[in-house]
Amino acid sequence: MGAFVLELQLGSVEGSRRLDGRGPFTQRVLLTIEEKHLPYDLKLVNMANKPDWLLEINPEGKVPIVKLEDKWIADSDVITQTLEEKYPEPPLATPPDKASVGSKIFSTFIVFLKSKDPSDGTEQALLDELTSFDSHLKDNGPFINGGAISAADLSLGPKLYHMEIALGHYKNWSVPDSLSHVKQYMKSIFSMDSFVKTLALQEDVIAGWRPKVMG
């Protein structure tokens, strides 16, 4: 399974739909770049056989990693914050009071996905987080910061995409229809041009989460 290194350049845009299926963080960075209309090149690296140059740049060998003006930047939080500071238009910053909305959904999804006991409360924990998010969208939506896409949506959207595919495949589970605002939110995010362009293929997402399920 491959993953992407992103290299921002002035020039042509090269891309691929075959994003790393193991995590949504690469897509988060790509979404930020796409929404800011920045030119970029993508480089694929084999995470099972990490090249020496990657380990020299980032000893932990983690991706995504971005080269911006001859400086390498790792970690999606740092990358997206750097891009926001350097390229403030269009603005994507999320107000501090809304930045953590929905932030526990991903971790509770992973715990539920790994669970082997249907009565251990992990499903309910995820439902509680989704219900809280649904309430926020009902009062503040359609996006986390109201009517405009922000960094929080670009972070949460890919996580919900992975959640939908992984839980649908491994647990035959989906977001209840009663959480209509969450379902509409997912539909809106997943249909964005930038999201469609940068999403991981379903089979890659399924394969990427298999070790968590089988482990």
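1. Among contacts (heavy atoms within 4.5 Å) in the protein chain between residues at least 6 apart in sequence, 73% join residues at least 24 apart. The model is a predicted one, in which local features need pLDDT of at least 70 and side-chain atom pairs count only at pLDDT 80 or more, while totals for chains, interfaces and linings use all residues. Residues are numbered from 1 along each chain as its sequence is written, and side-chain values use heavy atoms, with hydrogens and water left out.

2. The secondary structure comes to nine helices and four strands, where helices (H or I, at least four residues) and strands (E, at least two) are DSSP runs numbered from the N terminus. Read from the N terminus on, the elements follow the order β-α-β-α-β-β-α-α-α-α-α-α-α.

3. Of the 215 residues of the protein chain, 48% count as buried, a term that stands for under 20% relative accessible area, with exposed meaning over 50% and partly exposed in between (1.4 Å probe, protein chains only). The chain exposes about 10900 Å², of which carbon and sulfur atoms supply 50%; accessible areas come from the Shrake-Rupley method with a 1.4 Å probe, and for residues only the protein chains shown count as cover.

4. Helix H3 (residues 76-86) has Ser-76, Ile-79, Thr-80, Leu-83 and Glu-84 as its buried residues. They cover an arc of only 130° around the axis, which puts them on the same side of H3; the arc is that of the directions from the helix axis to the C-beta atoms. An α-helix has 3.6 residues a turn, so residues three or four places apart point the same way. Gln-81 and Glu-85, on the other side of H3, are exposed.

5. At the start of H3, a side-chain oxygen of Asp-75 comes to within 2.8 Å of the backbone nitrogen of Asp-77. Further along, Ile-79 lies in H3 and is buried, with a relative accessible area of 1%. Leaving aside residues up to four places away in sequence, Ile-79 touches Val-29, Pro-64, Ile-65, Val-66, Ile-73 and Ala-74.

6. Helix H5 (residues 122-140) has 19 residues and reaches 27 Å from its first C-alpha to its last, close to the 27 Å expected at 1.5 Å a residue, the expected span being 1.5 Å times one less than the number of residues. Its buried residues include Thr-122, Leu-126, Leu-130, Phe-133 and Leu-137, together with Asp-134 and His-136. What covers the buried residues of H5 includes helix H4 (105-114), helix H6 (151-171) and helix H7 (180-190).

Methods: Polar contact = N/O pair within 3.5 Å; in protein donor to acceptor, adjacent residues only side chain to side chain.
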